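Subject: Structure for you to look at

Hello,

I am passing on the structure we discussed. Please open it next to this message; my notes follow below.

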Amino acid sequence: MEDLKITVAKNIADLRKAANMTQLDLASRLNYSDKAVSKWERGESLPDVATLKTIAEIFSVTVDYLLQEEHLQETIPVQQYSKHMTAPIDIKITILNRSR
């Protein structure tokens, strides 16, 4: 279970940072506190299944993607988000073999 927590933590943090979102930005979209997002990203707890689904939808990935440790050269769509923008823009990110 600890490995899963760390995997999900890294994936959420990577996707959030790639989308140029703060923990507070993500928390607001999920109706959670930034402290909850911080705990998820540190692997101290896991979001519930419904929240994982919403996180996957926000970042245009699957729940499976959030649960997978390795993503070998996979291009994922991510919405670029900024509090200064009226709407997010779509970008694509290629993740090459991440080392843990």
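Thr 54 lies in helix α4, which covers residues 49-58. This is a predicted model.

α1 spans residues 2-18 and contains Asn 11. The helix has 17 residues, and the distance from its first C-alpha to its last is 24 Å, close to the 24 Å expected at 1.5 Å a residue. The buried residues in α1 are Lys 5, Thr 7, Val 8, Ala 9, Asn 11, Ile 12, Ala 13, Leu 15 and Arg 16. For Asn 11 the relative accessible area is 0%, and its side chain reaches the backbone oxygen of Tyr 65 at 3.3 Å. Just after α1, Asn 20 has a positive phi of about 60 degrees.

Last, the nonpolar core. The largest one has 19 residues, and those with the most contacts inside it are Ile 12, Leu 26, Trp 40, Ile 55, Phe 59, Val 61 and Leu 66. Two or more residues each come from α1, α2 (23-30), α3 (34-41), α4 and α5 (63-67). The largest share, 4 residues, is from α4. As background, nonpolar side chains in soluble globular proteins tend to be buried together.

Regards

Terms used. Residues numbered from 1 in each chain as written. Predicted model: local features only at pLDDT ≥ 70, side-chain atom pairs only at ≥ 80, totals over all residues. Heavy atoms only, no water. Buried < 20%, exposed > 50% of the residue type's maximum accessible area, 1.4 Å probe, protein only. Polar contact = N/O pair within 3.5 Å; in protein donor to acceptor, adjacent residues only side chain to side chain. Expected span 1.5 Å × (residues − 1). Core = buried A, V, L, I, M, F, W, Y, C linked by side-chain atoms within 4.5 Å.
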